[in-house]
Amino acid sequence: MPRPLVPDRRARILDAARALILEHGWPRTTVADVAARAGIGKGAVYLELPDKAAILDAVLRRSTRDLTAEVRRRVVEAAGVVDLPAVYRFGTEALLGDPLMRALYVGDETLLGDHVRDVAGGAGGDRYGGRLGWLSEYVARLQDAGVVDPAVPTESVVRVLGIFSVGLVHAPGTIGATSDDELRAAVALFADLVGRGLAVDRPSDHAADVPADVEAARAAQLGLLARLDHQLDLLEEP
């Protein structure tokens with residue numbers, strides 16, 4: 001007689017893996033440990049996820065989803081214009097609030113081991129490549145909303161933002177680990193420089209007298225977050 005299915009088996013596996021990472025670090029965690037913490041057999045883990053690397057990938061995808069939800073909350077609750085500096089600030093605060101996302105971006109090998117150096121490999125590149133198209137539409141919408149200077153070519157803006165975003169997650173594996181304060185300061189500086197460089201309120205700008213469309217800028221950001229959520233949904237499909 002077949003064994004009954006364990007309710008929410010995948011969620012239990014991911015909960016167990018996350019707890020073990022935070023307690024002992026991923027390098028010291030085994031699939032058997034995850035199974036024991038989840039209260040299921042080791043074979044049942046492999047029915048959900050093919051190997052240890054896939055478990056970590058799934059745990060980090062779930063953290064990414066949580067981060068997206070937190071940024072969305074901040075965007076919805078923001079009182080003023082949600083411009084590029086605000087979005088980067090929201091994102092930095094959200095990722096530093098999640099221990100696993102923080103470990104990924106500051107290069108904490110105690111928690112994530114070699115993953116902080118190997119993150120450039122695998123399917124990650126394809127995911128970032130697909131997001132550049134979304135970013136192009138997002139920047140164009142910000143230009144239409146009067147938040148980003150329409151005189152600057154959209155694709156140039158996308159290229160700069162893409163280089164920084166991809167480089168940020170790959171930085172620990174190439175230039176070494178950093179601290180929370182250093183990461184926060186670096187992102188804030190980049191966002192400030194980009195925000196000022198692309199602003200439409202400079203005296204020489206022909207659109208200086210056109211007010212920014214607050215709701216259009218907010219809708220643009222929410223649309224980008226929705227696309228990221230959809231990509232994560234697709235990655236979860238068997």
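In which helix is the place of glutamine 221? In this predicted model, glutamine 221 lies in helix α12, which covers residues 214–236.

**The chain as a whole**
- The chain has 238 residues, and 42% of them count as buried.
- If we take the contacts between residues at least 6 apart in sequence, 73% of them join residues that are at least 24 apart.
- The accessible surface of the chain comes to about 12,400 Å², and carbon and sulfur atoms account for 57% of that area.

**Helix α12 and glutamine 221**
- The 23 residues of α12 should span 33 Å at 1.5 Å a residue, and this agrees with its end C-alpha atoms, which are 34 Å apart.
- Leaving aside residues up to four places away in sequence, glutamine 221 touches Val71, Val75, Val82, Val87 and Tyr138.
- Other residues of α12 are buried as well, among them Ala217, Ala220, Leu224, Leu225 and Leu228.
- An α-helix has 3.6 residues a turn, so residues three or four places apart point the same way.

**Helix α10 and its bend**
- Helix α10 takes in residues 154–175, and its 22 residues reach 29 Å from the first C-alpha to the last, close to the 32 Å expected at 1.5 Å a residue.
- At valine 169 the helix α10 bends by about 50°, and proline 172 follows within four residues.
- Both Val169 and Pro172 are among the buried residues of α10, a list that also includes Val157, Leu161, Phe164 and Leu168.
- After α10 comes glycine 176, whose phi is positive, near 100°.

**Leucine 47 in helix α3**
- Leucine 47 has its place in helix α3, which is made up of residues 42–48.
- With a relative accessibility of 64%, leucine 47 counts as exposed, because that word applies over 50%.
- Leucine 47 and arginine 10 stand 37 residues apart in sequence, and their C-alpha atoms are 9.3 Å apart in space.

How values were computed: Residues numbered from 1 in each chain as written. Predicted model: local features only at pLDDT ≥ 70, side-chain atom pairs only at ≥ 80, totals over all residues. Heavy atoms only, no water. Helix = DSSP H or I, 4+ residues; strand = E, 2+ residues; numbered from the N terminus. Contact = heavy atoms within 4.5 Å. Buried < 20%, exposed > 50% of the residue type's maximum accessible area, 1.4 Å probe, protein only. Areas by Shrake-Rupley, 256 points an atom, 1.4 Å probe, with all protein chains shown as cover. Expected span 1.5 Å × (residues − 1). Bend = angle between axes of the 7 residues up to and from the residue.
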